[in-house]
Amino acid sequence: MNKVVIKGELPSLNEYIKAERANRYAAANLKKRYTALCSVYARASRNSGVEFSWPCKLKFTWYTKNNRKDADNIAFAKKFVLDGFMKAGIKGELPSLNEYIKAERANRYAAANLKKRYTALCSVYARASRNSGVEFSWPCKLKFTWYTKNNRKDADNIAFAKKFVLDGFMKAGILGNDNRKHITGFQDEFAVDKRNPRVEIDEITEDEDA
């Protein structure tokens, strides 16, 4: 049986409503934080060989510290779990702007071949994400989180690679066109992960963009 285990207790419906009433950002931040947490566990499970055969039914087993919370309040948190599942990601480091320029200067075909190869790679991951249920509500803003092996590359050099990602999205059929009618903006964040370099792409919702 394929199983994803998420440690700890996720927020209940009552806790989410309480955050919603506190201020306009609290609930959005709570959702963002716990969706990201679920995504980490989902990705770790996938890297360990866990795969789901979509479409399928899902069984959630909720282990809590006590019996104080109602079942329907607890089960509300499946929203965080499923949103955590629905995240597009591409493993490995994509070429930086400097690497692309170096290829461009090497010979007339090197840069074109590099772009073709990495666009195809991004397309494979994009297609896998789409088959797992990932959808974007175009038009929208996109958040790119770039995980690199170290801090040697400049941020602007790294973020150049979104060209490969978006062309891969179009090739996979996730995105019709990468013009401004479909993509209204970008947000880039950078982190280091020596063992698992990658780029994660998320849709920025209106609550997160507020």
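Residues are numbered from 1 along each chain as its sequence is written. Because the model is predicted, local features need pLDDT of at least 70 and side-chain atom pairs count only at pLDDT 80 or more, while totals for chains, interfaces and linings use all residues; side-chain values use heavy atoms, without hydrogens and water.

The sheet is open and consists of 4 strands in the order β1-β4-β2-β3, with mixed pairing. Strands are DSSP runs of E with at least two residues, helices are runs of H or I with at least four, and both are numbered from the N terminus; two strands pair if DSSP finds at least two bridges between them. The edges are held by β1 (88–91) and β3 (183–192); each has a single partner strand, so one side of each lacks a neighbour in the sheet. From one strand to the next, the twist averages 20°. Strand β4 (residues 198–204) pairs with β1 in the antiparallel sense over 4 bridges, and K91 stands opposite R198 in β4.

Elsewhere, helix α5 (residues 97–106) and helix α6 (residues 110–131) have axes that come within 6 Å and cross at roughly 135°. Axes are lines fitted to C-alpha atoms, for helices over the stretch in contact, and angles run from 0 to 180 degrees between N-to-C directions. The two helices, α5 and α6, are therefore oblique to each other, a word for angles that are not under 35 degrees (roughly parallel), over 145 (roughly antiparallel) or 65 to 115 (roughly perpendicular). Their contact (heavy atoms within 4.5 Å) involves Y100, A103, E104 and A106 of α5 with A110, A111, L114 and K115 of α6.
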